Amino acid sequence: MIRFGTDGWRAVIADTFTFANLRMISQAVADSVKKNHVGSEPPQVVIGYDTRFLSDRFAAETARVLAGNGIIAWLTRTDAPTPAISYNVKEIGADAGVVITASHNPPRYNGFKLKASYGGSATAEECARVEEALVDMERDARGPNIMEFQKAVDQGLIRRFDPAWSYYQHLATLVDLDKISEGELNIVSDAMWGAGRGAFTSILSRTRCHVTEIRGALNPGFGGIHPEPILKNLNELVAAVQRNQADVGLATDGDADRIGAVDARGNFIDPHHVMALALRHLVERKGQTGEVVKTVSTTLMIDSICRKHNLTLHETPVGFNHIGDLMMHKDILIGGEESGGISIKGHIPEGDGIIMGLLLLEIMATEGAPLHEIVADLQAEHGPAHYSRLDVHLTAQKPKKQIVRALQDSAPATLNGEQVVRVDTMDGIKFYMSDNSWLLIRPSGTEPVLRTYAEARTPEAVKALLEAGDAMGQRVTGH
């Protein structure tokens, strides 16, 4: 049975992610869209895809099924960033969106992200309706309705389009491209072989910045790496920044909804710092207001900035869908998570690596200082804060609740010599220590992985916490 995880459905290509299963889930989406559509005009769904193996074919097949059900399918002409697709769902006024992508997951995976009419991830209720439609199809032994591709094009049911320019124009209303141009920054953009390729070069083409793009060719195998913008995957970006004597390197993941950065010295600037820098900039330099939302795995520097400026802070489980829900119902200034999905007021309720890369450039141009100095200033005021994450792949994953319960039952009184003052089980299990350090252990919602996160005042303390967390995880999972 196909089940939606943290952000849609992901599976291994040719194992569970097959054309047959894709057609079934596309039919379930069609059933759900038609059932909930309001108005006399035909329903509309926007469809995009990333650079993975067969993503374009999977997207075209999804369009054929939707067309077979009388739904207008807006199909992108080429691979495109997930946030660009999400923005166009809202811009076009479509009922829903589909993105064929497995985001940052390994190349053998593909996925089916479902987007709602507001330009963000579908709610749990909307995903449940699609799953219910799948159950109904199985019960009734009913297969998908499929229309021949060219026939659907001729009838106007499949419409090819370019999502980039309307999305780029929207981004230009959220960041100050003139200020970025004044900075005359030397930038290396790293698409990590993903759908963010060409974005920074196109957006900044009329500025006085110089952009060099790496890993921007079509490479469905992602050069043998995971397209996740974390330090171990960014050796080529570090080398390119140093080779080009660049001011900054910007990396986006496989579908460009996450951000990572490298400063001129080759230091990795993780999403914790990107989000904290963005929050401080929006409040102190741009005079903006609002509430803040972060996931349980995100830095306490955000808490510190919120305390300084009396901003209401919300904490959610991991997954941008939780952040997006708050962005739609509250006056959220910025929302983000440890993995690099971050968005700001005025934008779609969706993680967007491209807008956050541009905002980081605006920060650098505004401050007129190297990125490492800006980060050092942030650390001096709201740190020290050091962070790392350990991922352990599981051959057979126990139910998430069972793992959390076992960890809770064996919770230690101290970690790394510091007293555990609070234990939180919002998502996984999180231990807060008396010195403001923390350790989080949680099973992934998208793949068989046990993730251990830690933040502390020194790198040595982070390492000690991760080792303790790894030992605890091994005891309860048997790995």
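Two strands count as paired if DSSP finds at least two bridges between them. Strands (E, at least two residues) and helices (H or I, at least four) are DSSP runs, numbered from the N terminus. The model is predicted: local features need pLDDT of at least 70, side-chain atom pairs count only at pLDDT 80 or more, and totals for chains, interfaces and linings use all residues. Residues are numbered from 1 along each chain as its sequence is written, and side-chain values use heavy atoms, with hydrogens and water left out.

Strand β7 (residues 186–190) pairs with β9 (residues 248–252) in the parallel sense, over four bridges. I187 has V248 of β9 as its bridge partner. On β10 (residues 259–263), β9 has an antiparallel partner, joined to it by five bridges. Here L250 stands opposite A261. β9 and β10 form a hairpin with six residues between them. In the turn, A256 has a positive phi of about 65 degrees. Five of the five residues of β9 are buried (under 20% relative accessible area; exposed is over 50%, partly exposed in between, with a 1.4 Å probe and protein chains only). V248, L250 and T252 lie on one side, G249 and A251 on the other.

Strand β2 (residues 44–49) is also covered. Six of its six residues are buried, so β2 is largely enclosed by the rest of the structure. Q44, V46 and G48 point one way, while V45, I47 and Y49 point the other way. β2 pairs with β3 (residues 72–76) in the parallel sense, over four bridges. I47 stands opposite L75.

Four bridges join β18 (residues 418–424) to β19 (residues 429–433). V423 has F431 as its bridge partner.

R451 is found in strand β21. R451 counts as buried, at 6% relative accessibility. Its side chain makes a polar contact of 2.7 Å with that of D391. Such a contact is a pair of N or O atoms within 3.5 Å; within protein, one must be able to donate a hydrogen and the other to accept it, and residues adjacent in sequence count only if both atoms are side-chain atoms. Beyond neighbours within four places in sequence, R451 is in contact (heavy atoms within 4.5 Å) with residues including H104, R389 and L440.

The structure holds seven aromatic pairs. Rings of Phe, Tyr and Trp (its six-membered ring) pair if their centres lie within 6.5 Å; planes under 30 degrees apart count as stacked, over 60 as edge-to-face and the rest as tilted. The ring centres of F17 and F58 are 4.9 Å apart and the planes are at 80 degrees, so this pair is edge-to-face. F17 lies in the loop between β1 (9–12) and α1 (19–36), F58 in helix α2 (residues 55–68), 41 residues apart. W9, F17, F19 and F58 form one aromatic cluster.
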